[in-house]
2 protein chains.
Amino acid sequence: MRMPHPECTTCKSRGSSLFNFCSCAETEKINLSKTCNIYKKDQVVFHENVFPIGLFCINSGSIKLSKIFSTGKEQILRIARAGDFIGYRSLITNDPYSVTATALEDSTICLIPKGEFHELMQTNKNFYEALLATICKELESTETKVSEIAYKPVRGRIAEALLLLANIYKKEEYINLTREDLASFVGTVKETAIRVVSEFKDEKLISIDKRRIKIINSKGLLQISNLYD
Amino acid sequence: MRMPHPECTTCKSRGSSLFNFCSCAETEKINLSKTCNIYKKDQVVFHENVFPIGLFCINSGSIKLSKIFSTGKEQILRIARAGDFIGYRSLITNDPYSVTATALEDSTICLIPKGEFHELMQTNKNFYEALLATICKELESTETKVSEIAYKPVRGRIAEALLLLANIYKKEEYINLTREDLASFVGTVKETAIRVVSEFKDEKLISIDKRRIKIINSKGLLQISNLYD
DNA sequence: TTAAAAAGATGATCTAAATCATTTTTTTAT
DNA sequence: ATAAAAAAATGATTTAGATCATCTTTTTAA
């Protein structure tokens with residue numbers, strides 16, 4: 001779905017994005033070449049194994065990045081929000097996407113053409129360095145994820161995930177993720193995630209309104225998360 | 001342990017390392033500023049949570065990069081060999097090491113001072129770009145590891161790990177890793193790794209001499225590895 | 001507004017893999 | 001060469017969490 005372009009220069013996500021490292025002139029230039037679309041909830045932004053055509057910059061909403069198996073199982077690796085870039089790795093390595101990006105809610109996403117991205121990489125050192133730092137941070141958190149899935153019990157992983165998600169969704173009052181997505185995020189199944197979330201509710205660590213989760217005792221959750229570190 | 005410096009310019013690992021992107025003059029300069037040490041088997045090269053003082057370049061041997069838990073459990077994330085750089089991520093982000101590096105066998109490792117590394121990053125675009133590409137690849141393989149630990153049964157993970165290790169150790173005839181390290185690498189326990197390796201021997205997928213593993217049916221292993229993708 | 005679909009809850013059962021315990025083989029150090 | 005230590009092998013037992021099945025609540029769409 002096409003929509004009137006939000007302006008990059010005045011974009012409310014600019015401060016929290018890598019565009020913060022771009023000059024006004026650069027931002028203006030990007031603004032002219034970009035296109036912008038609304039993705040409905042559950043709509044795929046890009047598919048695993050497909051070659052990229054540009055850089056996606058999330059203007060509003062949230063996007064899950066996941067690997068999907070032939071068995072239908074899904075592993076969510078990361079959840080991106082307003083201001084985040086997605087799909088830049090394939091642009092750098094010239095490889096097809098290694099993950100699938102799907103909208104978790106209705107989201108507005110801008111697409112910056114490949115050439116524009118590469119030009120920015122060539123000409124703006126600050127941008128380049130900030131991007132490199134972002135990738136390094138991502139790698140570190142992914143390495144942490146490996147160890148935790150391997151050694152931390154489900155209860156600890158869900159406690160930790162809820163704290164992380166509360167931070168991602170800090171502007172909203174509730175964590176807006178189905179139990180099934182929560183399960184995919186921590187590497188378990190729906191039923192187990194449902195059970196653990198119910199336990200946390202009984203233990204007064206979280207409250208639930210309809211199906212939405214709100215943390216009411218983050219210290220308690222942190223303790224559960226750290227039990228096995 | 002100190003030793004006579006191997007020469008960077010004639011280093012047999014140079015072709016397979018990122019120094020391949022450096023000019024002769026640059027390599028000479030690095031050669032003069034570097035120091036070189038032998039690390040005995042099981043010796044720690046650097047520790048988690050410690051700040052880096054330079055860039056490590058493996059001249060010979062093999063190094064495991066792992067996270068170690070307070071419970072004593074270890075998750076091996078990556079195994080680095082001759083020509084590989086280790087510890088560059090902390091140098092880029094100015095953070096302490098997020099993993100511990102330990103010699104799997106007696107290894108020779110050069111240490112390039114921090115300043116030298118940063119200068120190279122500033123002045124040599126090819127080097128910079130190659131490093132960025134390396135990190136991107138690492139991130140992709142770490143993401144794959146997350147999904148596999150979450151969804152692939154131990155048999156499949158060990159089959160896959162053996163194929164990967166055979167490739168890392170392609171110059172040697174045997175895979176030189178204890179069952180315990182193999183277990184840490186795929187996220188399981190020693191006993192389970194031992195049992196699966198024994199099964200593979202019984203199924204004529206591998207042969208074992210003393211405790212060393214040699215692959216004799218890689219197609220079979222690949223099939224087991226792919227059963228659940 | 002109502003029917004259908006999706007999400008969540010919950011109980012029962014099963015199983016892969018962890019844990020615990022002991023023995024054998026290989027390696028290392030004296 | 002021999003003793004001690006480390007690694008591997010193997011059996012018995014336990015368990016966390018997956019799977020299967022059914023029911024309830026909430027959301028979505030006609």
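1. In which strand of chain A is the place of A:Ser107? A:Ser107 belongs to strand β8 of chain A, residues 107-113, where helices (H or I, at least four residues) and strands (E, at least two) are DSSP runs numbered from the N terminus. The model is a predicted one, in which local features need pLDDT of at least 70 and side-chain atom pairs count only at pLDDT 80 or more, while totals for chains, interfaces and linings use all residues. Residues are numbered from 1 along each chain as its sequence is written, chains are lettered from A and ligands numbered from 1 in the order in which they are written, and side-chain values use heavy atoms, with hydrogens and water left out.

2. Is A:Ser107 buried or exposed? With a relative accessibility of 0%, A:Ser107 counts as buried; buried means under 20% relative accessible area, exposed over 50%, and partly exposed in between, with a 1.4 Å probe and protein chains only. Leaving aside residues up to four places away in sequence, A:Ser107 touches A:Asn37, A:Ile38, A:Tyr39, A:Ser60, A:Gly61, A:Ser62 and A:Ile63, contact meaning heavy atoms within 4.5 Å. A:Val44 lies 63 residues from A:Ser107 along the chain, and 11 Å separate their C-alpha atoms.

3. The strand that holds A:Ser107, β8 of chain A, is part of an open sheet of 4 strands in the order β1-β8-β3-β6, with antiparallel pairing. The edge strands of this sheet are β1 (35-39) and β6 (85-86) of chain A, each of which pairs on one side only; two strands are taken to pair if DSSP finds at least two bridges between them. Strand β3 of chain A (residues 54-60) is joined to β6(A) by 2 bridges, the two running antiparallel, and A:Phe56 stands opposite A:Ile86 in β6(A).

4. Turning to chain A as a whole, there are 8 helices and 10 strands. Its radius of gyration is 19 Å, close to the 17 Å that the globule rule gives for 229 residues, so chain A is as compact as a globular protein of that length; the radius is taken over C-alpha atoms, and the rule is 2.2 Å times the number of residues to the power 0.38. The C-alpha trace of chain A spans about 55 × 30 × 30 Å along its principal axes. Of the 229 residues in chain A, 52% are buried, and among contacts between residues at least 6 apart in sequence, 71% join residues at least 24 apart.

5. How is chain A divided into domains? Domain 1 covers 14-144 and domain 2 covers 152-226, with bounds that come from an automatic or database domain assignment. The centres of the two domains of chain A, taken over C-alpha atoms, are separated by 26 Å, and the contact takes 12 residues from domain 1 and 10 residues from domain 2.

6. A:Asp209 has A:Arg212 in β10(A) as its bridge partner, and of the 2 residues between the strands, A:Lys210 takes a positive phi near 55°.

7. In chain B, 4 strands form an open sheet in the order β2-β7-β4-β5, again with antiparallel pairing. Strands β2 (44-46) and β5 (74-81) of chain B stand at the edges with a single partner strand each, so one side of each is left without a neighbour in the sheet. Strand β4 (residues 62-68) of chain B pairs with β5(B) over 7 bridges in the antiparallel sense, and B:Ile68 stands opposite B:Glu74 in β5(B).

8. Most residues other than glycine have a negative phi. B:Asn49, in the loop between β2 and β3 (54-60) of chain B, has a positive phi near 75° and, at 61% relative accessibility, counts as exposed. B:Asn94, in the loop between α2 (88-93) and β7 (100-103) of chain B, has a positive phi near 65° and counts as exposed at 52% relative accessibility.
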